[in-house]
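Hi everyone, thanks for coming. Let's take a short walk through one structure together, starting with its charged pairs.

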Amino acid sequence: MAIMLRLKCPSCGEVMNAAGFCNCTKCGTPIRYNGWGMLQIYRMGSPVGIAAGYGIYLDGQPYGHLANKESIRIPLPMGTHTLHMTCGMTRRCEDLTFTLTPEAPAAYVKASIRMGFWSNTIHLTPADPSEMPQA
Ligand SMILES: [Zn+2]
C-alpha cells in the first residue's frame, strides 16, 4: 500500500491525500512546500476503537483522519510542532512535541490506543524509520 501525503491547502485549508504535491482539489491553489520537513504517522493495529478514524491535529489545526493500520506523511515547515490525536469520544492523548531541522527533517510517530478503566488514552510514541511502513 502506497504511503500517501496528507496535504493542507495554504489558501482554503482543505485537507487531502495525494501521491505527491498537487493542486488543491477544492480551490485549485498549487500546493508546493520548498524546504519543508515531514512527519510520518503510523496507526498501529488495535482492536480498540477500530471503526473510528483517529483525528489528527497539528499545532491545533485539523489534518483529517487516520484509519486503522494506515500510515501517512505530512509535510511541515521546519521548527517545533505539537501532534494531538483523538478517537471518537477519546479526547485523552499524550501529545507529542517534535522539532524538524535541516539536519533532521523527518519525524516518525507510532499512534496506538490503550484502554483505561474510565477512559481510553491515545499514545503517541517516537519511532524509528525502520518501524514505519514504507512505500
Ligand atoms: Zn484550497
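So, which lysine does glutamate 131 meet in a salt bridge? The partner is lysine 110, at 2.6 Å from N to O. By salt bridge I mean a side-chain nitrogen of Lys or Arg within 4 Å of a carboxyl oxygen of Asp or Glu. This pair links distant parts of the chain, with glutamate 131 in the segment after strand 11 (121-126) and lysine 110 in strand 10 (residues 106-114), 21 residues apart. Strands here are DSSP runs of E, at least two residues long, numbered from the N terminus.

Before going on, please keep in mind that this is a predicted model: local features need pLDDT of at least 70, side-chain atom pairs count only at pLDDT 80 or more, and totals for chains, interfaces and linings use all residues. Residues are numbered from 1 along each chain as its sequence is written, and side-chain values use heavy atoms, leaving out hydrogens and water.

Back to our pair. Lysine 110 counts as buried, at 16% relative accessibility, while glutamate 131 is partly exposed at 37%. The cut-offs are under 20% relative accessible area for buried, over 50% for exposed, and partly exposed in between (1.4 Å probe, protein chains only).

The structure holds 2 salt bridges. Lysine 26 also forms one, with glutamate 14, and their closest N and O atoms are 3.9 Å apart. Lysine 26 lies in the loop between strand 2 and strand 3 and glutamate 14 in the loop between strand 1 (4-8) and strand 2, so the pair ties together parts 12 residues apart in sequence. Lysine 26 is exposed, at 60%, and glutamate 14 is partly exposed, at 26%.

Notes: Helices (H or I, at least four residues) and strands (E, at least two) are DSSP runs, numbered from the N terminus.
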